[in-house]
Amino acid sequence: NAIAEWIHRDYVGLRAMNANAGSIVFAGLMPHAPVLIPEVGQGREREAGEVVDALHELSRRALRQSPDRLVVVSPHSPRRPYSFGIWAASRIAGDLSRFRSPEVTIDLPTDPDFSRRLKPVTWPISGETLDHGASVPLYFLTRAGWDGPTTLLSLNYPGDGGLTEFAQAVRTAAANSPGKTVFIASGDMSHALQPGAPGGYHPRAQEFDRTFVGLVKAGRYHDITAIDPALQHLAAEDVVDSTLLAAAAVDWQTTGHEFLAYQGPFGVGYSVAVLFDRRDDE
């Protein structure tokens, strides 16, 4: 396919030739519920206080790497079948007006060089409103001090495949870009944990969350692909594909991985996890 052909053409030998080659040094999983932001939650966020604390902690850990760029994949960014998207504007900017908090703003520069490296295997997203799948993780990262070049990716449709190949393309782009890259997967787990939840209620929804959390805690990222698709569907999750993309982008490495928090007080499961954190001596 087009992604595989691009990788073969542009990746083989390039990193060995580039003394200034970079790499993805950190990958993390962050939920994206606006209620977790104090300005939106107005106190309700304290019901998920462990998750909120973990979001701040993960953001600090990511920035300890002194990254040169940030890459975020959001399941709520615009999608097309069998194709991955990349935000093409000069800045990633928006606010949380939809959630009655217009004072919460995001405004970050994009990364033209990194985007150019992914241009052959992505479609350009323009003229769209910044989605909460991106803005919520970026809220915590910017509050931790991030203000640098940021790339925002979108997924294809569930079941389309190609995640591993696109992850390789992202890894290739990072390998051939000077400096350090941080990759953040945005995703919420089951949306059907209790009556009144956004996805309705299903008695097996908690089964999905337990399975997913167990695999992430154990660093068994490959095994996430084996979760029953029917269970994913009834759970109404949007975490699997973004997590798999992040894990594959770091070549399934688990160095420094740590599960930080899980809570689901509003009927949606929120997990925060360090998927990969490269040590200084590696």
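I began with Asp 107, which counts as partly exposed because its relative accessibility is 47% (buried means under 20% relative accessible area, exposed over 50% and partly exposed in between, with a 1.4 Å probe and protein chains only). Before going on, I noted that this is a predicted model, in which local features need pLDDT of at least 70 and side-chain atom pairs count only at pLDDT 80 or more, while totals for chains, interfaces and linings use all residues. I also noted that residues are numbered from 1 along each chain as its sequence is written, and that side-chain values use heavy atoms, with hydrogens and water left out.

**Entry on salt bridges**

I looked up the partner of Asp 107 and found that its side chain meets that of Arg 91 in a salt bridge, 2.6 Å from N to O (a salt bridge is a side-chain nitrogen of Lys or Arg within 4 Å of a carboxyl oxygen of Asp or Glu). This pair links distant parts of the chain, since Asp 107 lies in strand β5 and Arg 91 in strand β4 (residues 91-96), 16 residues apart (helices, H or I with at least four residues, and strands, E with at least two, are DSSP runs numbered from the N terminus). Arg 91 is partly exposed as well, because its relative accessibility is 41%.

I then turned to Asp 111 and Arg 69, whose side chains meet in a salt bridge of 3.4 Å, N to O. Here too the pair links distant parts of the chain, with Asp 111 in the loop between β5 (101-109) and α5 (112-118) and Arg 69 in strand β2 (residues 69-74), 42 residues apart. Asp 111 counts as buried because its relative accessible area is 9%, and Arg 69 is buried because its relative accessibility is 7%.

In helix α4 (residues 49-64) I found Arg 60 and Glu 57, 3 residues apart, about one turn of the helix. They form a salt bridge, with the closest N and O atoms 3.0 Å apart. Both belong to a network of salt bridges that links Glu 57, Arg 60, Arg 61, Arg 64 and Glu 258. A search of the whole structure gave me 9 salt bridges.

**Entry on strand β10**

How many residues of strand β10 (residues 270-277) are buried? I found that 8 of its 8 residues are buried. Strand β9 (residues 258-263) pairs with β10 in the antiparallel sense over 5 bridges (two strands pair if DSSP finds at least two bridges between them), and Phe 259 stands opposite Ala 273 in β10. Strand β1 (residues 23-30) also pairs with β10 in the antiparallel sense, over 4 bridges, and Gly 28 stands opposite Val 274.
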